[in-house]
Amino acid sequence: MIEMMNVSKKYPNGITAVNNISIQINDGEFIYVVGPSGAGKSTFIKMMYREEKATTGRIIVGKFDLMKIKERNVPYLRRHVGVVFQDFKLLPRLTVFENIAYAMEVIGAKPKEINKRVNEVLDLVGLKHRMRMFPNELSGGEQQRVAIARAIVNTPEVLIADEPTGNLDPDTSLEIMHILEKINQRGTTVVMATHNSSIVNQMKHRVVAIENGRIVRDQQEGDYGYED
Ligand code: ADP
Ligand code: ADP
């Protein structure tokens, strides 16, 4: 499903954030990406949805060869790879419903289909009762649930989450994790960068540890493995 072969990323400032990484992630896996700040985790996952382009190597995501994909086709990739961020990145002037619907509008879905599917994902994240509210009227956990609903509304095969619980308290973090697990159990591959040791140690999945731009550990049902 996702394959990286000898992938490196050197930024224009000369920093090599990812250094010769090779990894294979199969359909339906749930993977935690862990490691110290500045290790290259964000760069590693940004390359999976072509937010950053690798300098060298080969990256395959589903049917896409990310080293060959044309700039104008990146939006097609984004239908297959949903992304969730630590700071939610919702559109403040749109309601919950509209934030999610927008992701379908931009790919040209029909209003009837949008209405049906947005209601489905609102159900999945338990936020139907909030659909007419605006992001600033919601708690952090609710905003993250909206962001997750938006990320999966176009039924991507892969969901990428960059520190999705970074701004949330422990109980709310667990709620968000239960939603990510539900999505994973329905067949979506989940790749999650995190510093949340208690979640990694509690909800066991494959752990990929990155340090200085290299994979230093890749373990099924692994531990977090750091003190922080
Ligand atoms: P992490 O997510 O593990 O904190 P990052 O991938 O954000 O690591 O960063 C890895 C290294 O690359 C760091 O040294 C960081 O300063 C650098 N870096 C990240 N993004 C950029 C960028 N856009 N331009 C230049 N350097 C960057
Ligand atoms: P995080 O820790 O959540 O990964 P960062 O603070 O590392 O976030 O990065 C925030 C943004 O700044 C990212 O878009 C990243 O690419 C960019 N960035 C990080 N480090 C650098 C850097 N040294 N030079 C330029 N841009 C950077």
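**Entry 1: the open sheet**

I began with the strands of this predicted model. Four of them form an open sheet, and I read the order as S2-S1-S4-S5. The pairing is antiparallel. Which strands stand at the edges? I found S2 (16-25) and S5 (64-65) there. Each has a single partner strand, so one side of each is left without a neighbour in the sheet.

I reminded myself that strands of a sheet pair through backbone hydrogen bonds, either parallel or antiparallel.

**Entry 2: S1 and its partners**

Next I looked up strand S1, residues 2-10. I counted six bridges joining S1 to S2, and the two run antiparallel. Lysine 9 stands opposite valine 18 in S2.

Then I turned to strand S4, residues 56-61. S1 pairs with S4 over five bridges, again in the antiparallel sense. What is the bridge partner of methionine 4 in S4? It is isoleucine 59.

I also checked the hairpin of S1 and S2. Five residues lie between the strands. Glycine 14 in this hairpin takes a positive phi near 100°.

**Entry 3: around ligand 1**

I listed the residues around ligand 1. By class, the shell has five nonpolar, six polar and one charged residues. Which element gives the most to this shell? Helix H1 (residues 41-46) does, with three residues.

I then went through polar contacts of ligand 1.

- A ligand oxygen is 2.5 Å from an N or O atom in the side chain of threonine 43.
- A ligand oxygen is 2.7 Å from a polar backbone atom of glycine 38.
- A ligand nitrogen is 3.4 Å from an N or O atom in the side chain of tyrosine 11.

How much of ligand 1 does the protein bury? Taken alone, ligand 1 exposes 550 Å², and the protein buries 65% of that.

**Entry 4: record and confidence**

Over residues 2-227 I noted 32% helix and 26% strand. The end C-alpha atoms of that stretch are 29 Å apart.

Last, I checked the scores of the prediction. The protein averages a pLDDT of 97, and 100% of the residues score at least 70. The model scores ipTM 0.78 and pTM 0.89.

Key
Residues are numbered from 1 along each chain as its sequence is written. Chains are lettered from A and ligands numbered from 1 in the order in which they are written. This is a predicted model: local features need pLDDT of at least 70, side-chain atom pairs count only at pLDDT 80 or more; totals for chains, interfaces and linings use all residues. Side-chain values use heavy atoms; hydrogens and water are left out. A residue is near a molecule or strand if one of its heavy atoms lies within 4 Å of it. A polar contact is a pair of N or O atoms within 3.5 Å; within protein, one must be able to donate a hydrogen and the other to accept it, and residues adjacent in sequence count only if both atoms are side-chain atoms. Accessible areas come from the Shrake-Rupley method with a 1.4 Å probe; for residues, only the protein chains shown count as cover. Helices (H or I, at least four residues) and strands (E, at least two) are DSSP runs, numbered from the N terminus. Ala, Val, Leu, Ile, Met, Phe, Trp, Tyr, Cys and Pro count as nonpolar, Asp, Glu, Lys and Arg as charged, and the others, Gly among them, as polar. pLDDT is the predictor's confidence in each residue, from 0 to 100. Two strands pair if DSSP finds at least two bridges between them.
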